[in-house]
Amino acid sequence: MSRDQRRVVRELVGAHGRTYAEEAGIRLKDTPQPLYRLLVLAHLLSARIRGSVAVATARALHEAGLRDPRRMAGADWQERVDALGRGGYRRYDERTATQLGEAAELLTERWGGDLRRLRKEAAGEVAEVRRLLQEFPGVGPTGADIFLREAQRVWPQAAPYLDRKALQGAERLGLPGDPDRLLDLAGTTEPAVLAAALVRAAVDEEVARDTLDRAG
């Protein structure tokens, strides 16, 4: 059974092991701008909207020059609405435009535009980082989980981070619900990559079905 589960994980990661940051064109580093872009992406992904739309919208905001908190806060509200609309994020565009502006102001005023300072304030404690992330307007528990799930790639103190959504994907694939067992099955796969692949299985039944078909 363990061998079969390893095959399932291998097929899942091989076909769907791409982080959402990679999909959004974010070259994730432990530096202010990529971390900020990841925060925005987490905010967008946490809404009840297709992941592909959230990713496209993150790209549209970047292309509009809204790639750091200073520019985001300094942009006209309508400018943010228009960029969100170009990404296809129309259902929540007006509220999200306001939240993005307020969140950028908070990040600038409290942490100097640098999420590493938020991490330092939390003394690296993952639970406290998660709590502080939820102080940003529009970022609730789901958004904080998304951020940490992806950020663990450059914030090793947050790893391994397999949140509830990732574990839902594991359940759908008939895999263990224990993070340690999942990591063992994944071998050398990075936790962030494993988590992203599991989430894709959780949110897209076709991904799960394709993976199980491949695994035989």
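This report covers helix packing, aromatic pairs and selected residues in a predicted model.

## Helix 3 against helix 4

Two packed helices are described by the angle between their axes and the distance between the axes. Helix 3 spans residues 32-45, and helix 4 spans residues 51-63. Their axes stand 9 Å apart, at an angle of about 145°. The crossing of helix 3 with helix 4 is right-handed.

Helix 3 brings R37, V40, L41, L44 and L45 to the contact. Helix 4 answers with G51, A54, V55, T57, A58, L61 and H62. By class, the residues of this contact are 8 nonpolar, 3 polar and 1 charged.

## T57 in helix 4

T57 belongs to helix 4. Its relative accessibility is 0%, so T57 counts as buried. Beyond its neighbours within four places in sequence, T57 is in contact with L44, L84, G87, G88 and Y89. L44 is in helix 3 and is part of the contact with helix 4.

## Aromatic pairs

A pair of aromatic rings is described by the distance of the centres and the angle of the planes. The count here is 2 aromatic pairs. One joins W111 and F136, with ring centres 5.6 Å apart. Their planes meet at 55°; edge-to-face needs over 60 degrees, so this pair is tilted. The pair links distant parts of the chain, 25 residues apart. W111 is in helix 7 (residues 93-111), while F136 is in the loop between helix 9 (126-133) and helix 10 (141-151). Both partners are buried: W111 has a relative accessible area of 2%, and F136 has 1%.

F147 and W155 also pair, with ring centres 5.6 Å apart. Their planes are at 70°, so this pair is edge-to-face. F147 is buried at 0% relative accessibility. W155 is buried too, with a relative accessible area of 2%.

## A charge over a ring

Which ring lies under the charged end of R200? The ring is that of Y20, and the charged end sits 4.1 Å from its centre.

## R119 in helix 8

R119 lies in helix 8. Is R119 buried or exposed? Its relative accessible area is 15%, and the cut-off for buried is under 20%, so R119 is buried. Residues up to four places away in sequence aside, R119 touches D30, G124, V129, W155 and Q157. W155 is also the ring partner of F147.

## A97 in helix 7

A97 is placed in helix 7. A97 is buried, with a relative accessible area of 0%. Not counting residues up to four places away in sequence, A97 touches W77, R80, V81 and L84. For A97 and V81, the C-alpha to C-alpha distance is 5.5 Å, and the separation in sequence is 16 residues. L84 is a contact of T57 as well.

## Two loop glycines

G17 is in the loop between helix 1 (2-16) and helix 2 (20-23). G17 counts as partly exposed at 26% relative accessibility. How many residues separate G17 and L194 in sequence? The separation is 177 residues, yet their C-alpha atoms are 6.4 Å apart in space. Leaving aside neighbours within four places in sequence, G17 is in contact with L12, V193 and A197.

G140 is in the loop between helix 9 and helix 10. G140 is partly exposed, with a relative accessible area of 26%. G140 and E94 are 46 residues apart along the chain, and 18 Å separates their C-alpha atoms.

## Backbone features

A159 and P160 are joined by a cis peptide bond. Omega there is about -5°. P160 lies in the loop between helix 10 and helix 11 (164-172).

A123 has phi near 55°. That value is positive, in a residue other than glycine. A123 sits in the loop between helix 8 (115-121) and helix 9. Its relative accessibility is 62%, and exposed means over 50%, so A123 counts as exposed.

Technical notes:
Residues numbered from 1 in each chain as written. Predicted model: local features only at pLDDT ≥ 70, side-chain atom pairs only at ≥ 80, totals over all residues. Heavy atoms only, no water. Axes fitted to C-alpha atoms, helices over the stretch in contact; angles between N-to-C directions. Helix = DSSP H or I, 4+ residues; strand = E, 2+ residues; numbered from the N terminus. Left-handed = near helix turned anticlockwise from the far one by under 90°. Contact = heavy atoms within 4.5 Å. Nonpolar A, V, L, I, M, F, W, Y, C, P; charged D, E, K, R; others polar. Phe/Tyr/Trp six-rings, centres within 6.5 Å; stacked < 30°, edge-to-face > 60°. Buried < 20%, exposed > 50% of the residue type's maximum accessible area, 1.4 Å probe, protein only. Lys NZ or Arg CZ within 6 Å of the ring centre and 35° of its normal.
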